[in-house]
Amino acid sequence: METKLTVDHLGKAFKDKQAISDVSFDVRKGEIMAILGPNGAGKSTTIRNIMGIMYPDSGTISFSGHETIPRHRIGYLPEERGLYQNVKVMDILLYLADLKDYPLQKARERAHQYLKMFDLEGQENSSIEELSKGMAQKVQFISAIIHEPELLILDEPFSGLDPVSQELFKEEIRNLAENGTAILLSSHQMNLVEEMCDRLFMMHQGERIIYGDIDDVKKRYANFKCTLHGKNDREQLESLPQVERVDQNGDTSVLYLMQDVQPVNWLKQLPEQLNLLELSLDRISLHEIFLDIAAGRVSPEKEGAVHA
Ligand SMILES: Nc1ncnc2c1ncn2[C@@H]1O[C@H](COP(=O)(O)OP(=O)(O)OP(=O)(O)O)[C@@H](O)[C@H]1O
């Protein structure tokens, strides 16, 4: 797949605070790539460097192999929402398309098409201040894609959206990728990331922790967990073979199993005296991998540890 964006060994400090260091990843045509990490991990700093809102101290950013970034071929939904408040919806969309050198007539057609798709038909002449927060967010999303960008950067696109609007956004983001747009998406909603994205770049304290194909990452990091309902002694559960740790809440115990456990064999050796009302065995989710990272239970992987 053709590489659209390459971020290579990027570093940026604010005074004595190293916000990001040695950040490297790429985003390919037609894929949805997630950039993830706990609050303060450095996601927005990375994105702002790509967008030229700030300049890196080290490293390079290139677009289709060139270090001159054609910003008119990029669409950007920033984390900070906000469009000019007292300007009409259609006027702002055409103005922003024009800033990207996109033909006016085509922009008008696409604006109508997207306003309809996002249930905003008839709002062309409303001013932004008359719209609800979610409606204004839809207009801002349209403004990010109106000029048919080759690379689309979405910083927390789903925050503040109701479930119906969230579905609309998801569907359109998928459509854009299917039609060849390279998408870099930052989100704290792990279930959506797991559902939508092809690859991920997970960072913590400014550094890369995991980089790779979502399915490979899940296989590599997502061990099995066994949830037991029934009154059981925590220490006894902790002493069972191949149990890494136990979380207990009342009569519910979650046993996190070591890597490479064979679930069937592991189940066979459970002691008969266990109090078992219910038992389930699942792979841990991306959400839990994320919590492990935030808690420092996953250390940065070596370059190339997971093949991107
Ligand atoms: N303009 C700035 N001046 C000083 N420090 C900054 C500035 N912008 C970011 N930082 C610091 O850089 C680090 C990374 O911040 P950044 O906003 O990139 O994180 P993030 O991953 O986007 O977080 P969040 O999920 O909370 O949006 C933080 O420690 C933050 O305090």
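1. Starting with the ligand: by class, its shell has six polar, three nonpolar and two charged residues. Keep in mind that this is a predicted model.

2. Which residues sit around the ligand? They are Phe14, Lys17 and Ala19, then Gly37, and then Asn39, Gly40, Ala41, Gly42, Lys43, Ser44 and Thr45. Two elements give two or more residues to this shell, namely strand E2 (17–28) and helix H1 (43–50). H1 supplies the largest share, with three residues.

3. Next, a helix pair worth a look. Helix H2 (residues 89–99) packs with helix H4 (residues 133–145) at an angle of about 25 degrees, and their axes are 9 Å apart. Angles under 35 degrees count as roughly parallel, so H2 is roughly parallel to H4. As for handedness, the crossing of H2 and H4 is right-handed.

4. What makes the contact between these two helices? From H2 come Val89, Ile92, Leu93 and Leu96, while H4 brings Val139, Ile142 and Ser143. Sorted by class, the residues of the H2 contact with H4 are six nonpolar and one polar, with no charged ones.

Technical notes
Residues are numbered from 1 along each chain as its sequence is written. This is a predicted model: local features need pLDDT of at least 70, side-chain atom pairs count only at pLDDT 80 or more; totals for chains, interfaces and linings use all residues. Axes are lines fitted to C-alpha atoms, for helices over the stretch in contact, and angles run from 0 to 180 degrees between N-to-C directions. Helices (H or I, at least four residues) and strands (E, at least two) are DSSP runs, numbered from the N terminus. Angles under 35 degrees count as roughly parallel, over 145 as roughly antiparallel, 65 to 115 as roughly perpendicular and the rest as oblique. A crossing is left-handed if the near helix is turned anticlockwise from the far one by less than a right angle, and right-handed if clockwise. Two residues are in contact if their C-beta atoms, placed from the backbone, lie within 7 Å. Ala, Val, Leu, Ile, Met, Phe, Trp, Tyr, Cys and Pro count as nonpolar, Asp, Glu, Lys and Arg as charged, and the others, Gly among them, as polar. A residue is near a molecule or strand if its C-beta atom, placed from the backbone, lies within 6 Å of it.
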